[in-house]
Amino acid sequence: MLISIILVSIIAAIHIYIVYLEMFMWATPKGMKTFGTTEQVAKDSKSLAFNQGLYNGFLAAGLIWGLLYPDAVAGRHIQLFFLACVLIAGIVGSLTAKKSIIYVQALPALVAIIAVLFQW
């Protein structure tokens, strides 16, 4: 069970970092390098990225909620729901935005789902 807690915590932390990048760093050199955008694209899509960052914040909040939920069984169900959301978002992102998202978002979520299911 400790492994699943660590994995879910790492995924929540990754999403908090994504929130920071999308909401506050999008149009900076670091944000543009991270997401592979140009200055003009970053400027034109800044409000969309801010909104996208908010959604990633909801994913992080849901994972943290699942970790802290007082009933362990219900907490695992909450974690599984939000991990499934992360997995789907990672798959879609890898198909529509940047291929590396499959490794940064989807694959870790899949590994965490397995860990939570097997209560590692």
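In which hand of crossing does α4 pass α5? In this predicted model, α4 passes α5 in a left-handed crossing. Two packed helices are described by the angle between their axes and the distance between the axes.

**Helix α4 with helix α5**

- The axes of α4 and α5 come within 7 Å and cross at roughly 160 degrees; because angles over 145 degrees count as roughly antiparallel, these two helices are described as roughly antiparallel to each other.
- On the α4 side, the contact is made by Phe58, Leu59, Gly62, Leu63, Trp65, Gly66 and Leu67, while α5 contributes Gly75, Ile78, Gln79, Phe82, Leu83, Cys85 and Val86.
- Sorted by class, the residues of this contact between α4 and α5 comprise 10 nonpolar and four polar ones, with no charged residue.

**Helix α1 with helix α4**

- Helix α1, which covers residues 2-24, and helix α4, which covers residues 46-68, have axes that come within 8 Å and cross at roughly 160 degrees, and α1 and α4 are therefore roughly antiparallel to each other.
- The crossing of α1 and α4 is left-handed.
- From α1, the residues that take part in the contact with α4 include Ile5, Val8, Ile11, His15, Glu22 and Phe24, and among those they meet in α4 are Ala49, Phe50, Gln52, Leu59, Leu63 and Leu67.
- The residues of the contact of α1 with α4 divide into 17 nonpolar, six polar and one charged.

**Helix α1 with helix α5**

- The axes of α1 and α5 come within 12 Å and cross at roughly 50 degrees, which means that α1 is oblique to α5.
- The crossing of α1 and α5 is also described as left-handed.
- Here Val8, Ile11 and His15 in α1 meet Gln79, Leu83 and Val86 in α5, and the residues of this contact divide into four nonpolar and two polar, with no charged residue.

**The largest pocket**

- Rolling a probe the size of a water molecule over the atoms shows where empty space is left.
- When the lining of the largest pocket is sorted by class, 15 residues are nonpolar, eight are polar and two are charged.

Technical notes
Residues numbered from 1 in each chain as written. Predicted model: local features only at pLDDT ≥ 70, side-chain atom pairs only at ≥ 80, totals over all residues. Heavy atoms only, no water. Axes fitted to C-alpha atoms, helices over the stretch in contact; angles between N-to-C directions. Helix = DSSP H or I, 4+ residues; strand = E, 2+ residues; numbered from the N terminus. Parallel < 35°, antiparallel > 145°, perpendicular 65-115°, else oblique. Left-handed = near helix turned anticlockwise from the far one by under 90°. Contact = heavy atoms within 4.5 Å. Nonpolar A, V, L, I, M, F, W, Y, C, P; charged D, E, K, R; others polar.
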